[in-house]
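Thanks for coming, everyone. Before I start talking, please take a moment to look at the sequence and the model on the screen.

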Amino acid sequence: SSTPLILGIESSCDETGIGIVRGDELLANAVSSSMDEHVRFGGVIPEIASRAHLEAFIPTLEQALETAGVTLAEIDAIAVTSGPGLSGALMVGVSAAKALALATGKPLYAINHLVAHVGVGVLDGGKLPENLGALLVSGGHTEILKVDSLTDSVTLLGSTIDDAAGEAYDKVARLLGLGYPGGPAIDAMAKTGDAKAIRFPRGLSLPKFVGTAEEPGKHRNDFSFSGLKTAVARCVEQYEARGEEVPVADIAASFQEAVVDVITSKAVRACKENGITNLMLGGGVAANSRLRELLAARCTSAGISLRVPTVSLCTDNGAMVAALGAQIVMAGGSPSGLSFATDSGQP
Ligand code: KG4
Ligand code: ZN
């Protein structure tokens, strides 16, 4: 058939992902994570992640080819995440992709990781609608995007000025002794707590924190989670100083409510202000039960239709890279050549 068969490679953080798609159809999505090796440090260690990508690349590639039932010779093009992400980790995937492209003579496409989180939507729910925006929330990034064209016009409306949403979950889970990764642990613990017990700060939501005299409204669509993390730390310290038991479930629920409230209210407002009527959710934090619930409710009230891909397509993976690669190939985009660098910048 003339529908392109694309191999996608992802290595921007701790997941080595190799995906294979034929046009909008998912054939394989093999992922190897080095998460376990980072547990004792409470966060991703770049050097360890890079080393793990090097070890996992060939086995993950072989697994993807086997699942898809295709050979490397049958692939029409290779797509690889060139950024943003951890520099050393990106270099492993990009170098491997260049080696494969050189050895096989297949065209190579450099892919923006954030845009790939949106492009993955075609694999799960079909063709992307007009007036599209995206809310990406993970351990490494937190963004609101306006997507005029997946292949050549994506605008960053807002992002975090400090910690990513998932990073805030991971740091707070550590403070509460809940282990790593913290997102799933806090999500579960919050179910038994009172989300109204403590009013934690919603970063960058008060007008006085949103802009400067020169640039009023500068941070209107941006996020900040470091003040929230500090507020949780102070709260825990106060209980400990009084010799009282720390109400872990109430703190977890109240922290989660602060994160989810600010994320959903800012995302929905940005959609309204920018004519976005279709919102795609992506990133590992998309698995959060309260985020899904509140975002769905607020989108419904605002007349925004929400799309949430299945969790394995929301977390970092190779299929999303392959999916965006396929969109670019089908739109007649030119290959990137073999000399591009990794790029930690925004779309
Ligand atoms: O996209 P992802 O798999 O990869 C990275 O960005 O590295 O996202 C992982 C992040 C972690 O910070 C994790 O704590 C968070 O997603 N996460 C969650 C949940 N499941 C995973 N955060 C909140 N609630 C969850 N249920
Ligand atoms: Zn990601």
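Predicted model: local features only at pLDDT ≥ 70, side-chain atom pairs only at ≥ 80, totals over all residues.

Residues are numbered from 1 along each chain as its sequence is written, and chains are lettered from A and ligands numbered from 1 in the order in which they are written. The pLDDT, which is the predictor's confidence in each residue from 0 to 100, averages 95 over the chain, with 99% of the residues scoring at least 70. For the complex, the predictor gives an ipTM of 0.97 and a pTM of 0.94.

Let us turn to the ligand. Which residues are closest to ligand 1? They are S138, G139, G166, G183 and G284, out of 21 residues that surround the ligand, where a residue counts as near if its C-beta atom, placed from the backbone, lies within 6 Å. By class, this shell has 6 nonpolar, 10 polar and 5 charged residues; Ala, Val, Leu, Ile, Met, Phe, Trp, Tyr, Cys and Pro count as nonpolar, Asp, Glu, Lys and Arg as charged, and the others, Gly among them, as polar. The unreviewed UniProt entry places the feature "binding site" at several positions, including S138, G139, G183 and D187.

S138 lies in the loop between β6 (132–137) and β7 (142–149), and G139 is also placed in the loop between β6 and β7. S138 is buried, with 24 other C-beta atoms within 10 Å, and G139 is buried with 26; buried means 20 or more such atoms within 10 Å, exposed means 12 or fewer, and partly exposed is in between, with C-beta atoms placed from the backbone. Two residues are in contact if their C-beta atoms, again placed from the backbone, lie within 7 Å. Leaving aside neighbours within four places in sequence, S138 is in contact with A164, G166, G283, G284 and V285, whereas the contacts of G139 are A164, G166, E167, D170 and G284.

Helices belong to this shell too, as α5 and α6 each supply at least two of its residues. Why is α6 described as largely enclosed by the rest of the structure? The reason is that 7 of the 9 residues of α6 (residues 182–190) are buried, among them G183 and D187. What covers them includes α5 (165–175), α9 (248–273) and α10 (289–302).

Finally, consider helix α3 (residues 87–104), whose buried residues include A89, L90 and V92. Their cover includes β1 (5–10), α2 (46–68), β4 (77–83) and β5 (108–112). After α3 comes G105, whose phi is positive, near 75°.

Technical notes:
Helix = DSSP H or I, 4+ residues; strand = E, 2+ residues; numbered from the N terminus. UniProt positions renumbered as here; feature names shortened; annotations may be inferred.
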